[in-house]
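Student: I am new to this structure. Please take me through one part of it closely, and then show how that part sits in the whole.

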Amino acid sequence: MTALRKTALWRVVNTWRGGLALAVLLLVALAAVFAPWVAPYPYDIQNLSATNKDPSMAHWLGTDEFGRDVLSRIIFGARTSLAVALTAISVSVTLGMCLGAAAGYFGGLFDRVLTAVVDLTWSFPEVLIALIFVAILGPGLYSTMVAISIAYLAQFARLTRAQIMAIKNETYVEAAANLGSGHFHILLRHLLPNAITPVIVAGMLATGDAIILEATLGFFGLGVQPPKPSWGAMMSSGTAQIFLAPWTILGPGFAIAIAVVSINLFGDALIEALDIRNRVRDV
Amino acid sequence: MLNYSVKRLLLLVPVFLAVSVVIFMIIHLVPGDPIDNMIQIGSSPEQRAVLIARYGLDQPLLLQYAVWLRNLFTGDLGDAIILRRPVLELIAENLPHSLRLGGLAFIFSTAVGIATGALAAVFKDSWIDRGVMALILLGSTLPSFWLGLLMILLFAVQLEWFPVSGARTWTALVLPVLTIGLHGVALVSRVTRAAMLDVGRRDFVLMLHAKGLSHRRIQLQHVLRHALLPVVTILSLRIGWIVGGAVTIEFVFARPGLGSLLITSLAQRDYPVVQGCLLMLAMAVMLGTLLGDMVQAAMDPRVRDSLK
């Protein structure tokens, strides 16, 4: 028990914001995983005699233009949003970390090229980068994932590179090299473990942005294709019903807001608990 | 300053080339034959031959790129497949709408952001400060397109103060500018507040207090002036983000503009238009960043020296 109390996670859960955020995130994740059992209706059952119905006891958040249950579609939509955001950011963090670590450690031409590319993409908004890659790959679930992971790649490469640069001349690295350790061993055993925490936390915070970006692409009609539900696409079809059924926009919007705000609160609490604010921000 | 401007302009050349290569490659990377992606279905072999000659599609890729680049500089961006018009014409039609929206949103976020940030710093820890901080949290976490939809629901559908969509009257600009602006205000006022609090701790401020100047005068005349530098830095770094915001918000409000044109063309796979729009938007980001850097260099000699 004492070991548990010393962990950063314990300190996060102990703050009211961190604890609340984690509880909400767990709830959303559980609802997504167990969607078929949690959702009151299947996501694609149409009922054309009950279209655009107000929220009621039978349909807590109302029905959409095909008479589908909005709440059920939000719960199933959580699967799309979370799966896309988590996959894209995991890929982005892993790739960015490899590139950034190699550039920071070895320096030279590779570092210069990578820094130039990263600086170039830095000034471009993520949505524009993602749109370029959706243009190449065509609309759909997988191209959304690829586009989002590329859009955030520069951020993680830059962050990892800075972390490695800060510690690569420490005495313990020199000692390891003098003892005959190879570059690969030094990077993997000595440098990355000391550099990884801020990158992981930044990845967590970026997951919130990725949920928004996924929803934005879905809203443009370039993400997951119907009838599969996604929060962005639901809002997009809701705009046509804005006078008739505003709840078709409000529901998924609140879902996104709740998920993203929780991720940000939890990430901020984690940064406080780990005391790494300077290391995450200063890049 | 002239020295810096020339060097900074020259730096734009490799950046432009890199971006143009990526955009040029789109038509070759999408599945299928580039000609099929550029031409209407059911075109005659003669029409295909004309297109092949125009873009040198039987030539090596590098040469094709050179031809494409040359056409670009003569204003030939190709023809839209679906709309059957020159891409340049479509862009010329839509660009003013985007410029108006982006420009107003930029002015709004800068002016209101600096004002609220300064207010929060001057009245630190008061209810004004707390209110501004809450606004910042809201503006930086809520997805902008949802914010736009909420504004439509409240001000256009419920209160009927503004039109729901389109760009027929100037009132149609209010909600889109506010939507993009709230994100900008959040960013600018956060930086302004932090910079002013930081500057306020310096020795010269203590000196001014010792001289007997009033708190308000010190804050507005001396601290704010020094704090503007980081604000300009962040603005020049994140100016591209106004472009991104405009793309999204145009689509939400069904306004004409480059963003709407890009997204519709993407869905219709009208690649010449997609290329043209992406190129224009990338140029907007690059020129915006350039302008920001110039302003920064004009204000801070250290920035000028960084390119020596």
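Student: Which residues of α12(B) are buried?

Tutor: The buried residues of α12(B) are B:Leu258, B:Gly259, B:Ser260, B:Leu261, B:Leu262, B:Ile263, B:Ser265 and B:Leu266. A residue is buried if 20 or more other C-beta atoms lie within 10 Å of its own, exposed if 12 or fewer, and partly exposed in between, with C-beta atoms placed from the backbone. Helices (H or I, at least four residues) and strands (E, at least two) are DSSP runs, numbered from the N terminus.

A word on the source. Residues are numbered from 1 along each chain as its sequence is written, while chains are lettered from A and ligands numbered from 1 in the order in which they are written. This is a predicted model, in which local features need pLDDT of at least 70, side-chain atom pairs count only at pLDDT 80 or more, and totals for chains, interfaces and linings use all residues.

Back to the helix. Eight of the eleven residues of α12(B) are buried, so the helix is mostly covered. The cover includes α7 (126-137) of chain A, together with α5, α11 and α13 of chain B. After α12(B) comes B:Arg269, with a positive phi near 55°.

Take α11(B) next. Its axis and that of α12(B) come within 7 Å and cross at roughly 75°. Therefore α11(B) is roughly perpendicular to α12(B). Axes are lines fitted to C-alpha atoms, for helices over the stretch in contact, and angles run from 0 to 180 degrees between N-to-C directions. Angles under 35 degrees count as roughly parallel, over 145 as roughly antiparallel, 65 to 115 as roughly perpendicular and the rest as oblique.

Now the residues that meet. From α11(B) come B:Ala246, B:Val247, B:Thr248, B:Glu250 and B:Phe251. From α12(B) come B:Gly259, B:Ser260, B:Leu262 and B:Ile263. Two residues are in contact if their C-beta atoms, placed from the backbone, lie within 7 Å. By class, this contact has five nonpolar, three polar and one charged residues. Here Ala, Val, Leu, Ile, Met, Phe, Trp, Tyr, Cys and Pro count as nonpolar, Asp, Glu, Lys and Arg as charged, and the others, Gly among them, as polar.

The helix also belongs to the side of chain B that touches chain A. On that side, α1 (2-29), α7 (144-158), α11 (240-252), α12 (258-268) and α13 (271-299) of chain B each supply at least two residues. The largest share, seven residues, comes from α11(B). That side divides into 27 nonpolar, five polar and no charged residues. In total, 32 residues of chain B are in contact with 32 residues of chain A.

Next, the core. The largest nonpolar core has 148 residues, and A:Ala130, A:Ile148, B:Leu262 and B:Leu281 touch the most other members. A nonpolar core is a set of buried Ala, Val, Leu, Ile, Met, Phe, Trp, Tyr and Cys residues joined through C-beta atoms within 7 Å. Helix α5 (residues 70-106) of chain A gives the most to this core, with 16 residues. Follow B:Leu281. Leaving aside its neighbours within four places in sequence, B:Leu281 is in contact with A:Leu128, B:Val243, B:Val247 and B:Leu258.

Now step back to chain B. It has 14 helices and zero strands. Its C-alpha trace spans about 85 × 60 × 30 Å along its principal axes. Of its 308 residues, 39% are buried. Among contacts in chain B between residues at least 6 apart in sequence, 70% join residues at least 24 apart.

Chain A has 13 helices and zero strands. Its C-alpha trace spans about 75 × 50 × 25 Å along its principal axes. Of its 283 residues, 45% count as buried.

Finally, confidence. Chain B averages a pLDDT of 82, and 96% of the residues score at least 70. pLDDT is the predictor's confidence in each residue, from 0 to 100. Among the elements of chain B, helix α2 (residues 34-38) has the lowest mean pLDDT (69) and helix α5 (residues 87-122) the highest (88). The model scores ipTM 0.80 and pTM 0.85.
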